[in-house]
Amino acid sequence: MEHQQQFVDQVAEAVYARINAKPTISVRGLRDLHWTLEGRYLRSSSDVARMGEVLCTCLGGDVIAADITAEMIETRWREVRKASLTRYGRAPRPATLNRELALLVRWFHLAVEQQVLKHNPATAVRAEEENNLRRTTLHRRETVDQLLAYCCPIARAWALAGLSAGMRREEIADLDWDRIDEATGVISLFDTKTGTPRRVRVNRHGLAALLKLPKLGPKVFWNVTRNRAYSMRQLERKFDRAVFKAGLQGVGGEKITTHTLRHTLAFRLRCEMKIPERVAMKVLGHQSRRAFDRYGWIGDEEIAAVYEIMDSADEE
């Protein structure tokens, strides 16, 4: 009996020590845990890897994650990042900082789920206030024609598909041939940002531009030289090159990007076609009014365009 009691006491001490033991996983270990569990599901793995390296540099890759507090994140990460410059030579935007913070929150959340850590200090860190309103659209026909004149076939297909269907850039870059109905122009989207599948339709010009691309792989935007799909960054560079050659610039110096195409369709749905907002949200794939309102900013250029439509209607 005495030996049995000693064995029970030893087991109890071992269990108690394990429960109260200080976790030893480091910040870099959190990154590796996230990559192991969710790396295969990441859409833009290169961006996630870059943000992960930034977090490890700011917080210290070898620092024990259990010692990290919300105050340490504020001082070691936020203040350092605001004083640093991005690869584009400017201070990081609030959206960039929020994406990095969201990644850090995810790291700690997975560690808590796996019972590696007991709490998530990153949830107590406030996010940056973002100004997501965009005032630039390409609703004028002459502007679109000017852009298309400098587009390569790939950039042209992207532009026309984005203008007519309003797909997100990730959805266009990841488009498969078997998702396109060549007879009707209907595209079935399953892997969306909100997780809700939806169907969109490109017009005849967008469909014709897509079908002119060579079908040499499962993806629509296929790199023939390297025999693999184009990355989203490579596709955006082609579009940016066309915008630069066309000499286009957005309202107030805003940059015209591939996302401007989506904003253009939102403006046309709301201001030109007078589509009910609930229907427009369905077309664009928005699930919240807050996200949809970011596409509803009306500036002087948009108001002037509406007056032009009214004047032409009065003349008729």
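Before I begin, one term: the helices (H or I, at least four residues) and strands (E, at least two) that I name are DSSP runs, numbered from the N terminus. What you see above is a predicted model, in which local features need pLDDT of at least 70 and side-chain atom pairs count only at pLDDT 80 or more, while totals for chains, interfaces and linings use all residues. Residues are numbered from 1 along each chain as its sequence is written, and side-chain values use heavy atoms, with hydrogens and water left out.

Let me start with the second largest pocket. A pocket here is an open set of points on a 1 Å grid over the protein atoms alone, where a 1.4 Å probe fits, with protein on both sides within 12 Å along at least five of seven lines, and its lining residues have an atom within 4 Å of a point. The second largest pocket has 28 lining residues, and those nearest its centre are Leu 160, Leu 163, Asn 203, His 205 and Arg 268. Two or more lining residues come from each of α6 (141-148), α7 (153-165), β2 (198-201), α9 (204-211), α11 (258-272) and α12 (277-284). Which element gives the most to this lining? That is α7, with five residues. If we sort the lining by class (Ala, Val, Leu, Ile, Met, Phe, Trp, Tyr, Cys and Pro are nonpolar, Asp, Glu, Lys and Arg charged, the others, Gly among them, polar), we find twelve nonpolar, five polar and eleven charged residues.

Now to how α7 packs against α9: their axes (lines fitted to C-alpha atoms over the stretch in contact, with angles from 0 to 180 degrees between N-to-C directions) lie 8 Å apart, at an angle of about 150°. That angle makes α7 roughly antiparallel to α9, since the label applies over 145 degrees, with under 35 for roughly parallel, 65 to 115 for roughly perpendicular and the rest oblique. In contact (heavy atoms within 4.5 Å) are Arg 156, Ala 157, Leu 160 and Ala 161 of α7 with His 205, Gly 206, Ala 209 and Leu 210 of α9. This contact has five nonpolar, two polar and one charged residues.

Finally, let us follow helix α2 (residues 27-38), which packs against helix α3 (residues 45-59) at about 165°, with the axes 9 Å apart, and is therefore roughly antiparallel to α3. Among the α2 residues that meet α3 are Val 27, Arg 31 and Trp 35, and the whole contact divides into six nonpolar, three polar and three charged residues.

With helix α5 (residues 94-113), α2 makes an angle of about 80°, so α2 and α5 are roughly perpendicular to each other. Here the α2 residues include Leu 30, Leu 33 and Leu 37, and the α5 residues include Leu 103, Trp 107 and Phe 108; by class, the contact has nine nonpolar, one polar and three charged residues.
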